[in-house]
Amino acid sequence: MAEENKNSNTDENSKLIGLVAQFDDPDSLVQACDQARQAGYTKTDAFSPFPVHGIDPALGIKRTILPFIVLGIAVGAVFIGLGMQWYTNGGSLGEFSTDESPVFPGYRFKISGKPYFSLPANIPVTFEVIVLSSAFATFFGMWFLNKLPMLSNPLHRISRFKRATNDKFFLMIEQADEQFDRGSTEAQLNEWGAVSIDECRRDLTDNNLPSWLRLFALMGAILLLLPPVAIFRAMGMTSRAPRLHVVPDMDWQDKSKTQTLSPIMMNDRYLFADERVMRAPVDGSVARGQLDADTELYQGIKSDYVPTVSLTTPQGSVRTGLGTQDEAEAAPPVEDVSMYITEFPKEITVDEALVKRGQVRFNIYCAACHGYAANGDGLVNQRAVALAATGKAQWTSAKSLHDATVSNAEKNPLGRIFETISNGRGTMGPYGAQIPTADRWAIVAYVKALQETGIKPVVAVSDDESGEGSEANDTGESASTPEDKTQPTP
Amino acid sequence: MATVNPILDNTYDDAGERSPLILGGLDYAGVTDEVCGIWEADKPPKIWFVVLGAAISLLMVLGGCVGHLLMDGVGVWGNNNPAYWGWPIVNFVFWVGIGHAGTLISAILFLFRQNWRTSINRAAEAMTIFAVVCAGLFPGVHIGRVWVFYWLFPIPTEHLAMWPNFRSPLLWDVFAVSTYATVSILFWYMGMVPDIATFRDRCTTKIGKFVYGLLSLGWTGSARAWHRYEIAYTILAALATPLVLSVHTIVSFDFAVSQVPGWHTTIFPPYFVAGAIFSGFAMVVTLLVPVRKLYGLENLITIRHLENMNKIIMATGMMVGTAYGIEFFIAWYSGVPYESYAFYNRAFGNYWWAYWIMVSCNVMIPQVFWIKWCRTTPWFMVIICVFVNIGMWFERFVITITSLCRDFVPSSWAYFHPTWVDILMLIGSFGLFFTLFTLFCRFLPVIAMAEVKGVMPRPKDH
């Protein structure tokens, strides 16, 4: 190539880069490199199909800094790897907890009682982060230092040079070298045993990118940015309408929901005559465990009771709890007290265990409003009364169970207490769904025990903190607590 | 030009002389011609089309199964109480184990200056990557909603408002396997660049010139580039060596960190790594014997290479056998009744057949490699290696299924039944693997030419 230009380094069309000498075996290449270095050439490079040992000192190649780059990245990765885990799993240093961070807070979750951050558990991921970062640093750092990728290289225009990746060895002395002289350098290369010598010339005619390409590439890059920008914009904004729902995630299922009309149409009619989705049990059928025909045990009503005057059944007196006191007083339920049993049902054995069970249940379910001593001074009640006094809420005060209307066995027989617990009364809600039948009877027994002992408030806890009663409560075992006093002795 | 080497059998060790790694008197150009000849041939051998066709058919089966799985959910698998980890994890561990041989050959043998690795490392690395692809498939699709797979990674998102749990071995697995896949691909590709440059310089078609020109990144074989390249290669090898050991260690943590009897043992990490190398080498032999025969690479992948691999297979097989023994010893020695029962049940319980398939294939059958004829006869060693891989699949089956089917609650004990999707996905994963490997054989340098040339005797030495 370019035979006519042999004597000029540069002409209109091309520029001489250097001379490329071919050698047939690695040893002659190393020797030639050595001689070139001794001759004072510095801008030289050798090309070989495989790394030839001994060529680095022959060419005077300095050791690369790549290992130190990798080391730096690896050390950084230790902190990144540990920091990532510490941050995301909500680790904390002293008072600083990442789970209160405003942006992408860490997520603290306790698993098997393990600490949020413990070095042994975080070593594997840290190790992988180090290896991954170092591998990237090695791979990309190597190409960067080698100035690759470089897809256009005048060397590739030399047809003989194609064997540099096969079986031949080349030495290039660049024209930029101070020692370079077109004629004498070629003579030296021949002297060092070059099999053939080629000129490496850079083509000057077409080494510029087409002018439209830059604009095109820029516009393409901007266009490519649009979809992610649109996605991020949509993700960062609120919207009333449902967005594009690519993956349904079982949001819509082919099923009927409870308490709806049956959508299953047959001949333009609902599948079921009553148009409902839900099916009622067959008449007369009783679900397992739901047989409550024994009215004494389950309702507190005498088994031989026949409704006479009032048709208001105990079930009918379920309160919503929303009615105000006025309404409740305005329309008191008409009821026949004689229908309630006055003794415990035969299935319930009243003994100390039952009363103790009742105490526990009472303290859980009832004491919040009625107070542990059933004085009607439960914490909820105290708070609600205080709020009601400010006019912020309406509240019907929980009754003291020592009140005569409650403790009177004739007005309020056992069965009625049971019915009250089960179905609620006034603004009191029903507890039948929460407390099993036997436990409700246990509570009845405990309430009766409380009423028998006739406890009066020891101290008004919220109003009089300095009262003697509270001191008495605190003085230890010699002073009886209300619970102690209410221990029944059947 | 090297003199023609008359030695045809390089499996004999002569104390006075190193056995040649390359036979047939090949010189540099000869190596290039042999390797490039595979790719330059106008048409690949007929058998190539047969293998590719079969592999693609299986791949389509796999695709169908994955589609079915994604449409209908993971319930199409046989995983159910109590064996919630069924074949998918068995297949995952099986494939990821196979994927260990490539990096081992490339990195560990490189650091130990085992020059015989050069003829086999490229194919082994490719096999590694394809095996990791197959491995990644199973945990990838088992997460149910694969379209939110990125929740596996700690990506800040307001939607999930949650981060991964970094104290879970399953998350370590995500990091380990994805790091391993990435580093393996970097290592493989970097090693291949000089050889792709050879392809570029020999290519005659326009498309080929463009593609290989792009992939070779403008590699010229400059001494300065080689200098940095070799150092980078060494660093990558030094990184990949602990990495390859860590990956299967972490895979074993999936089991060992749990408290299921039969899983909760400290021997798992070394035992899993040995098993991984064992199965990986077996797969390399299984693949390379037909490849060298098909493409006439007997001079490059010599009997000595195969023999060395068989020796490693036998050694790691005995390590695995030792681990089996130690597990039983510890089960007895610990005095923990659950542990003892778990191992008694493995060998003599209702999965006795799987256990004894595993022991026969992994411990007994490789013992034939004590006999020189067995480890130097290609067709025979392929049969043995297929048995090894069957055995290694059963090892993971035994570990996973027998322990889960006899957990702490006897009322939940059951017998695991795979579904047809389980079976077809295992078979289909071989389709994926062989499709990738067949294409690799056709379009990329099967043997690391530059590395082989680097360890060949220099012409003037003769």
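Mentor: This is a predicted model. Look at β2(A): A:Thr44 and A:Ala46 point one way, while A:Asp45 and A:Phe47 point the other way.
Trainee: And are those residues of β2(A) buried or exposed?
Mentor: All four, A:Thr44, A:Asp45, A:Ala46 and A:Phe47, are buried. In a regular strand, side chains alternate between the two faces of the sheet.
Trainee: Which strand is β2(A) joined to?
Mentor: β5 of chain A, residues 169-174, through four bridges, and the two run antiparallel. A:Ala46, for one, has A:Leu171 in β5(A) as its bridge partner.
Trainee: Switching to the contact with the other chain, how many residues does each chain put in?
Mentor: Chain A gives 56 residues and chain B gives 54. On the chain A side, the elements that each supply at least two residues include β2 (44-47), along with helices such as α1 (26-38) and α3 (66-88).
Trainee: OK, now chain B. What's its secondary structure?
Mentor: 16 helices and zero strands. Its radius of gyration is 23 Å, close to the 23 Å the globule rule gives for 462 residues, so chain B is as compact as a globular protein of that length.
Trainee: How much of chain B counts as buried?
Mentor: 50% of its 462 residues. And among chain B contacts between residues at least 6 apart in sequence, 81% join residues at least 24 apart.

Note on methods
Residues numbered from 1 in each chain as written. Chains lettered and ligands numbered in written order. Predicted model: local features only at pLDDT ≥ 70, side-chain atom pairs only at ≥ 80, totals over all residues. Rg over C-alpha atoms; globule rule 2.2 N^0.38 Å. Buried ≥ 20, exposed ≤ 12 C-beta atoms within 10 Å, placed from the backbone. Contact = placed C-beta atoms within 7 Å. Pairing = 2+ DSSP bridges.
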